[in-house]
Amino acid sequence: MQHHKQLKYRGALVASLALAAMLASFIFPGSAQAGDGKTATEPTVVQGITGAELYAVNCNRCHEERFPKEFTAVQWTSLMLHMRVRANLTAAESKKILKYLQSQSGN
Amino acid sequence: MNKFTKVFRTTGIACALLISQSPHVMAQVSQDDFKKLADQVALLSQQVQTLQQKDAQDQQTISKLKQQVGATKEIAVDAQQKATTAEEKLATPVDLSEQLASAATHNFVLSGDAEVTFGRTAGFKSGGFQMADFAPIFLYRANENILFEAGFDFQLQNGSTQLLNGTTVNNANTTGVNLSFATIDYIVNNYVTLCAGEMLLPLGTYSERSAGWINQIPDQPLPVSMLPQAGIGAQLRGAIPVGKAGNEFTYAGYLANGVSSVDGTGNSHYVDSTGAVLPNLDLGGNTGYSFSGNNNQNLNGSMSGGGRIAYFNSFKPHYDFEVGLSGQTGPYTSTHHYYSAAVVDASIHLSPYFTLKGEYINTWVQTTDIGTYQAGGFWLQGTYKLASLNSDFSLLNNLELVARYDTVNDGLGTKTQRFTGGYIYHFSNTLMLENDYEALTNQGPNPLPNSAYIFQLSYGF
């Protein structure tokens with residue numbers, strides 16, 4: 001009996017999270033991405049804060065800042081995709097930080 | 001004066017002389033002279049004809065040369081236009097993101113960290129190098145929305161195992177290779193990412209921020225050992241901006257194979273081949289079902305589910321806080337004994353120099369023999385960079401002070417408290433020497449190692 005109860009709780013937890021994810025997609029429909037992998041509409045623009053400031057805000061949460069010149073512009077693209085997932089960055093933030101890093105990147 | 005003109009002039013003079021002679025003079029011209037004169041006239045006529053032909057050829061050549069000059073001028077003008085266009089392009093600022101969008105999409109990057117640890121534990125006559133670790137992370141970006149990432153842990157360390165009765169066996173060195181994580185990440189949209197594979201589980205924040213150069217103390221907080229660190233499964237995660245720029249709500253929800261047990265009985269302990277009595281819970285989990293005689297032995301009955309929600313608020317760069325709540329529940333035996341965990345985590349940055357973070361962890365483990373026992377504890381860690389002093393003594397500016405208090409109750413009768421104090425010397429932003437003293441006290445049958453000095457050189461790449 002207790003087992004069934006726990007299964008229900010677990011199912012409810014997972015269902016809630018999936019629902020939250022779906023709701024997020026519906027609430028922000030303009031952000032859906034096209035099938036060709038390109039963003040159909042730009043996400044909410046991060047205003048009033050520069051890419052460098054966003055970099056300082058988010059990267060220092062967990063570790064020392066990496067110098068932009070440590071990696072090339074192309075390498076930063078992969079690294080920022082990794083950090084967007086790992087650090088749960090918003091799409092707009094990660095794009096703005098990436099732009100800053102690429103503008104200062106090494107060869 | 002050209003040849004053509006000269007010939008005409010000579011011919012004209014000759015004709016004039018002939019005409020000007022009187023008839024009696026003409027009559028006196030001999031036949032031979034007349035013939036000679038006629039021959040000269042014929043010769044001159046041929047020369048005139050030859051020169052006319054040559055003149056016609058020269059005119060054709062001049063015409064061709066004029067055409068070639070015209071073509072050359074056109075080429076020169078075209079080249080000038082191209083040069084002007086190139087100069088204009090060079091003067092225009094380069095937008096790298098646009099270039100990259102049209103560049104080759106596949107890209108491979110190697111990142112990660114490496115550590116070497118020296119330690120001396122109280123009660124031992126001498127210290128020694130305890131561990132060398134190389135932890136590369138492979139990132140392979142398939143396109144803008146798909147990333148494969150895998151983290152390995154190559155570790156050389158003392159292979160000794162301390163049994164519950166305190167004796168130590170198997171003193172050989174071992175090299176271990178561990179797949180820390182390996183996931184395929186797919187950016188579904190701006191707010192949802194799907195991760196599948198061997199995942200670092202978002203129970204608290206430590207599991208995803210434990211790399212040697214990120215974790216500011218060489219070893220992990222004690223109660224973290226009560227949580228599974230990774231699991232095979234699938235996860236949805238993402239972030240939603242809230243309020244002003246930089247603030248966000250984050251979430252993660254996952255299904256994973258979950259934790260397991262050693263013997264599948266659901267008892268709190270099991271006895272190994274050496275006679276040692278050890279906890280039955282296997283937080284390493286399993287990678288699938290294997291059947292033997294229609295019994296799925298030590299494996300769990302079904303998957304576990306879990307997740308984390310958190311809020312991050314930034315006042316300005318280096319001034320922020322984050323709070324999170326996470327948990328997981330699921331059976332760890334085929335007879336549905338449940339393992340559940342809950343974690344509250346928080347961190348705060350007050351200036352570029354001061355950080356305070358910690359976690360409260362509690363777990364519930366159902367057993368056949370002793371009912372449900374609870375294991376858990378908490379840890380609190382603070383760091384302060386002396387760069388804030390802006391000292392003329394540069395060595396001081398590279399120092400960061402570290403302190404941590406952590407405690408754990410394994411739920412099976414053993415309680416441990418530890419206070420750690422030390423420093424980090426930053427050679428660079430990713431190369432650092434960590435030196436700590438850990439004062440540790442135990443109560444119960446399963447004591448942890450004694451107090452120790454630890455040095456660790458960490459490098460992130």
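**Exercise 1. Surroundings of Trp76(A)**

Determine which residues Trp76(A) touches in this predicted model, not counting residues up to four places away in sequence, and state its part in the largest nonpolar core.

*Solution.* 
Step 1. The model is predicted. Once residues up to four places away in sequence are set aside, the contacts of Trp76(A) are Phe71(A), Leu98(A), Leu101(A), Gln102(A) and Ser105(A).
Step 2. The largest nonpolar core holds 47 residues, and Trp76(A), Met80(A) and Met199(B) are those that touch the most other members.
Step 3. The element that gives the most to this core is α3(A), with 6 residues.
Step 4. A second, separate core has 5 residues, among them Ala135(B), Ala211(B), Ile424(B) and Met432(B).

**Exercise 2. Helix α3 of chain A**

*Solution.* 
Step 5. After α3(A) comes Asn88(A), with a positive phi near 55°.

**Exercise 3. Helix α4 and the makeup of chain A**

Decide why α4(A) is largely enclosed by the rest of the structure, and describe the secondary structure of chain A.

*Solution.* 
Step 1. Helix α4 of chain A, residues 91-103, has 13 residues and reaches 18 Å from its first C-alpha to its last, close to the expected 18 Å.
Step 2. Because 10 of its 13 residues are buried, α4(A) is largely enclosed by the rest of the structure.
Step 3. Among the buried residues of α4(A) are Leu98(A), Leu101(A) and Gln102(A), together with Glu93(A), Lys95(A) and Lys96(A). Leu98(A), Leu101(A) and Gln102(A) are also contacts of Trp76(A).
Step 4. Chain A comprises 4 helices and 0 strands, in the order α-α-α-α along the sequence.
Step 5. Of the 107 residues in chain A, 38% are buried.
Step 6. Among contacts in chain A with a separation of 6 or more, 67% join residues 24 or more positions apart.

**Exercise 4. Two hairpins in chain B**

Work out how many bridges join β14(B) to β15(B) and how many join β15(B) to β16(B), and describe each turn.

*Solution.* 
Step 1. Strand β14 (residues 304-316) and strand β15 (residues 319-331) of chain B run antiparallel and are joined by 11 bridges. Opposite Ala310(B) stands Gly324(B) in β15(B).
Step 2. These strands form a hairpin with 2 residues between them, and His318(B) in the turn has a positive phi of about 80°.
Step 3. Strand β16 of chain B, residues 338-350, runs antiparallel to β15(B) through 13 bridges. Tyr319(B) has Leu350(B) as its bridge partner in β16(B).
Step 4. This second hairpin has 6 residues between β15(B) and β16(B), and His336(B) in the turn has a positive phi of about 65°.

**Exercise 5. Arg308(B)**

*Solution.* 
Step 1. Arg308(B) lies in strand β14 of chain B.
Step 2. Arg308(B) and Leu325(B) are 17 residues apart in sequence, with 5.6 Å from C-alpha to C-alpha.

Key. Residues are numbered from 1 along each chain as its sequence is written. Chains are lettered from A and ligands numbered from 1 in the order in which they are written. This is a predicted model: local features need pLDDT of at least 70, side-chain atom pairs count only at pLDDT 80 or more; totals for chains, interfaces and linings use all residues. A residue is buried if 20 or more other C-beta atoms lie within 10 Å of its own, exposed if 12 or fewer, and partly exposed in between; C-beta atoms are placed from the backbone. Two residues are in contact if their C-beta atoms, placed from the backbone, lie within 7 Å. A nonpolar core is a set of buried Ala, Val, Leu, Ile, Met, Phe, Trp, Tyr and Cys residues joined through C-beta atoms within 7 Å. Two strands pair if DSSP finds at least two bridges between them. The expected span of a helix is 1.5 Å times one less than its number of residues.
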